[in-house]
Amino acid sequence: MRMNTTATISAAILLAATTVPAQEQETQLSRARVEADYTTTAYILNDPENESIHNVISTLERCTQHGHPLAAMLLLDVYEGKRRGLEAQPDKAAKLAADIAGGDIPLNDEHPQSIQARLESMYRLALYLEKGFGVQKSARDAYEWMLKASNGGYGKARVELARYLITGKGGHKSPRMALRLLKAQAATDASVPNLFFYLGYIYLSGSGMPKPKPELAFKFFSIGEKFNDANAINNLASMYERGLGTDKDELKALRLYKKAADLGNKEASANMQRLAYVQAERGSDTADSVRVDNAAMQVIESLPLPDHMRKNLSAPFRRHAEANRNK
């Protein structure tokens, strides 16, 4: 039944190609076959119950060589090991990204999907060069490719180029230029990951400025929370914990650490456990209501700890809440 579904997809696409004039049919059929192969392969990879994935790499490679931009991007994912049951092949990922970015893969550069594929490949190649994924590390080359993708208007590349400029990776350090890039991206598409984390970081560290501006850092980390930026949320929690750029509020800090941890930030998970332990040791003396104690206990209950440790951490809050109720 499953194979019939994929065959139906292919047949429908091929049939559509036969409705054009005869002189165009050969070209159209060739394109239709590539489209059918890509569509079928994408369907197989996205179906968790389909185990017939052994031929997907060769099919995607063939589609990529015929200039199918979506197939090329899916093949990069496969080479990076992002698809179930298929091991990462770093060398092939790096070569493919370089071939697409450098123009060796024949894409139609007037088509939006092809333009996007070129820029995405430049961005990924920069990250490969930065990390040494399938290629020798080169901060300078990483910077150059990230710059090309950024100049092409690719949002993720703009944000990561700003990181390079903040840290001086690739030999080019300019926090002010990074700030301009990030603000330009915020005005274009504010949903790009880490955008508000880097904006907040610049103001928090005072990089390229006479002095830090924690109030502005707090503002940008707060915007990052709205976009579920885990790094920004972790820093926002830290500002609440320390009372930096805002009023001190350890309970709010705990909740934000939990949110960032749930989004995958490991540092936030450690911060959440640390702060919960500190509050438990202190006996919640600074709490002024039963509501606060109950909320703190809820946060502790969500910690990834053995039951007996959660019970010990919660005990001071429970006693304090009970004492307040008996007053």
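These legends walk through a predicted model, from the whole protein to two close-ups. Residues are numbered from 1 along each chain as its sequence is written. In this predicted model, local features need pLDDT of at least 70 and side-chain atom pairs count only at pLDDT 80 or more, while totals for chains, interfaces and linings use all residues; side-chain values use heavy atoms, leaving out hydrogens and water.

View 1. Helices (H or I, at least four residues) and strands (E, at least two) are DSSP runs, numbered from the N terminus. Of the 327 residues, 47% count as buried, meaning under 20% relative accessible area with a 1.4 Å probe, protein chains only.

**View 2. Here helix H9 (residues 175–188) meets helix H10 (residues 195–205).** Their axes, lines fitted to C-alpha atoms over the stretch in contact, come within 10 Å and cross at roughly 145°, with angles running from 0 to 180 degrees between N-to-C directions. Look for Leu 179 and Leu 182 among the H9 residues that meet H10, and for Phe 196 and Ile 202 among their H10 partners; contact means heavy atoms within 4.5 Å. By class, the contact has eleven nonpolar, one polar and one charged residues. Nonpolar covers Ala, Val, Leu, Ile, Met, Phe, Trp, Tyr, Cys and Pro; charged covers Asp, Glu, Lys and Arg; the others, Gly among them, are polar.

**View 3. Glu 80 sits in the loop between helix H4 (69–79) and helix H5 (90–102).** Glu 80 counts as buried because its relative accessible area is 16%. Leaving aside neighbours within four places in sequence, Glu 80 touches Ala 88, Ala 93, Arg 124, Tyr 128 and Phe 133.

Methods. Buried < 20%, exposed > 50% of the residue type's maximum accessible area, 1.4 Å probe, protein only.
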